Amino acid sequence: MDSSEDDFSAVMLISLSRIASRWMLLIPTQIEMLTFFQSDERSVHVQATSLRCHRFILSKRDCNIPSTPGTMDKLFGILHKSQLQPTLHLEALRILNEILLFNLSIIPCMEIPELFINLSAVVKNILQSSTPSARLLAVSVLADISGKILGRVDMASGGTGRTLALQVISFVLDQILSLVTPNVDIYQADSAVELEVKRLLDILFNLVENHLYVQCLMLNNICLVIDRLMKMLNNVMDTEKTDSSNHEIAEFGRHGKPLLSNLMLYVSKIMVSCLLNLEEVDAETSQILDALKLQVENVCKCNYFGSYTGIRYFLFLHLLSTFSCMRHTAEELKFPRRNASLSFVNSILQLDKFTLDYTKKMLEGNSYWYSYKAGKTAACQGAWSTAAFIFKQLITVVQSNSCSSWVKSLAKFSNSEEQIQLFLLSDEGMSIVPSESNIGERGCTSAFRTNYCNYVKNLRRASDTLQDEILAAFDMGHTFSFQRWFLTFRAKVLNTVVDMLKLLDTILFIQDGTGSGGQPEEGILLRHTSSQTLDPLIFSSMEVSCRMMKLAREMDLLLASSMGMDRQSVMSVSALALSCSLMAFTAGFAFPVPNLHSSESFRKFGNSDGPLHALLVEDLVGRVRHIDCETRKYLLLLLKSIPNYKGCFSPRFRNEGSYASHEAIVLHKICTYSVGEIFSLQNEATRLYQDGDAGSQILNRGPLLLLNVISKVMLIPFRTPHHFFRVRPSLSSELFLTNEDGQTVHGLSISPGSHLSLNLCLQFKNMPAGMPGPPKKVYCILDCTVQHSQTSTVIRQCKGQEAQSTKIDDMMELNEKLLRYVVGPTEAHGLHCRARPNDSCSVVNEYVSFELNDRGQGFTSCLFDVSSFPIGSYRIKWHSGFVDSGGSYWSLLNANDGPLFTVREVETV
């Protein structure tokens, strides 16, 4: 075919493709014709045009992407021909990527391995190209296709998925080794090579984050790669010393960081992710972790890598030791072994010393930014001694006022957590855990009581530090809204744990007529308690249980208010919520008194959904994912035994799912232990009360169970979410209200019996970077409360920590109402006023919705019925949220407070 015919064919293909793209019925025929023009008989110009037209049609997302085995065979044929122009290869690869992404879900599972072999051969061939853009495209295609394949349910459930995952991991790591070990010299500084290495490692990181069954495979292969890299590096270093004793190994790279150093940093990130996502640890996994530990220790001993790399690998060893300690602590619930975890505790303390040595070297070299990053990593992995030391040293080197305030707060926060961690890992802290050696032996009681009191004081001191010193530094508007909320939550958790421990102190150390500090004995509680003394203890137990459950749900709201949070942060916050729910459940059932939930004096702790005990079981069931069938059966039996339970779970956030983190797995084991013990106690208490024997051992075992659960949960290292260090304004909305005359509602005065006709404008603010645009619809609730016990109402001004807690409480209450409205039917929609005869207040709620424009603005109007309000001042509280395209509910923080208005008599002249 001559050039004129080629030009005519090219123009024809372009014109017909444009026409076909407008009519879906023509697309299959056009695709078939384009495939015909991709044959070997056609010129390179025609083939290239055909490929571009093919890709143009595929770019029309509103149509199906038809493909046949012949189409993919033609594309693979083009990709396997090395003599063709690189542009043809790239066009064919892009088309193949589009077709595979669309059709992978329907390709038979048996055909996947052969398909991946062909694809990996193509990618490997393109990776030999001298064009960086071509290599990066090949890496991206490999990432897209492998992620899509491994995400299929049939691949994950069968052995094919593991085989394919191993092929992907091996292929990527082999390619990385080929990039960092060139034939001539390893010291070839090339930012393009480093970028390509990072893109390849991103494939592995995404596999670890999204496919939990690849953790062991990944760790085992990384262990082998580290071994090869260390041997290669040792050989080169030995060669350098032989050639010239005075020659120092040159650090290469545009920023003075060697390629291998950066590679090791990326690898450590994948290793940490594997460890955090690790579910169960069997014999094979233990062997892999032991081998990996040896390789990591070799990296720490290597003089080639900088201090920052050394710190990161020491912190990984610290994380590995703390997780091993957690695992053994949980196993001790079933198989008590005194001091079984002490070896891991000693290892943790020793690693803290080594890490501090590297930190000092890094600070001496004025590497302040890397020091800050190391402190951040330490806080996110629970290495609080390292974090506290680094942030304390950085206080004197920061220059701006805002940065100085931020670093000082981090230093104080880290120091308070360090004190808690060091005490828990000390002999005093470990002795708090109930066991035969510290409960029931007369010789150990005095020491146990002293340690117990020190434990309470330590937690109280940390809580006071958070509230009095740290939270005041975060009064910087919405920039630090997440940080302030998270620290407030931490302070409230510590406070509630302290109150639980004080309650247990009252119960466990009641003694037989002597002073405090005596020996707890079975039967003592029964002989010194009656309904007058037992009821306050049970009341206090239910009160702290209710508070702890509320904190668990507060973490749910924090997650729902933090769109764009990374997966590791979600895992961390979810684990904290689960730990609160578990402690709340155990505290609520600590007193196995039959029909306790039916008592009138304790009904105040429940709500319209049911009594407190039902809510506790429901909350825990909604969070656990990895408990055995027997434990789940026990929970459901406990739920059914509660009278007046409606049998329906309250609405929950779809986006609050509990990820299978290692911490969550440990918490599930503690949950299994707690549920089994409580179920046994409930049955035994019911039998003994029916026989007329109250059974003092029953009333003693419950509080001891709660102490055991608290001590085990507190031993789980507290880790700061990565999102905590993401200092930027949170996703929020701003609401403006005017009356029908256009006057601002704030400061408005109305006469008694009047209504408020409101015009509302909502502004969506601080959209996350990955969000394509504002949601189409935002829901909002307006709320106003009137106290019937007062003839006039005065708005009380709260300050500091009290204001923050009140704001969070209001947001939780309003969000629960709004969620019920958005998810399903409520008792009333739109305008409604609810007041119960025995209530001391009436609540007026109004639900509205906004259709947002491209600028994130929405407008609506409503009639707010405040005609029953007596003379006084009132604030309209509000809250908003939306449902994204995936069906997840998100809560929006308020960028401004609701308006104040006044009801007063009109003065007549």
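**Close-up 1. Helices H5 and H7 meet side by side.** In this predicted model, Leu90, Leu93, Arg94, Asn97, Leu100 and Leu101 of H5 are in contact with Ala134, Leu137, Ala138, Val141, Asp144, Ile145 and Lys148 of H7 (contact means heavy atoms within 4.5 Å). By kind, the residues of this contact are nine nonpolar, one polar and three charged. Here Ala, Val, Leu, Ile, Met, Phe, Trp, Tyr, Cys and Pro count as nonpolar, Asp, Glu, Lys and Arg as charged, and the others, Gly among them, as polar. Helices are DSSP runs of H or I with at least four residues, numbered from the N terminus. The axes of H5 (residues 86-103) and H7 (residues 132-150) come within 10 Å and cross at roughly 15°, so the two helices are roughly parallel. Axes are lines fitted to C-alpha atoms over the stretch in contact, with angles running from 0 to 180 degrees between N-to-C directions; under 35 degrees counts as roughly parallel and over 145 as roughly antiparallel. The crossing of H5 and H7 is left-handed, that is, the near helix is turned anticlockwise from the far one by less than a right angle.

**Close-up 2. H7 also packs along helix H10.** With H10 (residues 191-210), the axis of H7 comes within 10 Å and crosses at roughly 5°, so H7 and H10 are roughly parallel. On the H7 side, the contact is made by Arg135, Leu136, Val139, Ser140, Leu142, Ala143, Ser146 and Leu150; H10 brings Leu195, Glu196, Arg199, Leu200, Ile203 and Leu207. Nine of these residues are nonpolar, two polar and three charged.

**Close-up 3. Helices H24 and H25 run in roughly antiparallel fashion.** The axes of H24 (residues 567-588) and H25 (residues 612-621) come within 9 Å and cross at roughly 150°. Their crossing is left-handed. Leu578, Ser581, Leu582, Ala584, Phe585 and Gly588 of H24 touch His613, Leu616, Val617, Asp619 and Leu620 of H25. This contact has seven nonpolar, three polar and one charged residue.

Close-up 4. A cavity is a set of points on a 1 Å grid over the protein atoms alone where a 1.4 Å probe fits but cannot get out; lining residues have an atom within 4 Å of a point. Of its 29 lining residues, Val713, Met714, Ile716, Pro717 and Phe718 lie nearest the centre. The lining holds 20 nonpolar, five polar and four charged residues.

**Notes.** Residues are numbered from 1 along each chain as its sequence is written, and side-chain values use heavy atoms, leaving out hydrogens and water. Local features in this predicted model need pLDDT of at least 70, and side-chain atom pairs count only at pLDDT 80 or more, while totals for chains, interfaces and linings use all residues.

Notes
Angles under 35 degrees count as roughly parallel, over 145 as roughly antiparallel, 65 to 115 as roughly perpendicular and the rest as oblique. On a 1 Å grid over the protein atoms alone, a cavity is a set of points where a 1.4 Å probe fits but cannot get out, and a pocket is an open set with protein on both sides within 12 Å along at least five of seven lines; lining residues have an atom within 4 Å of a point.
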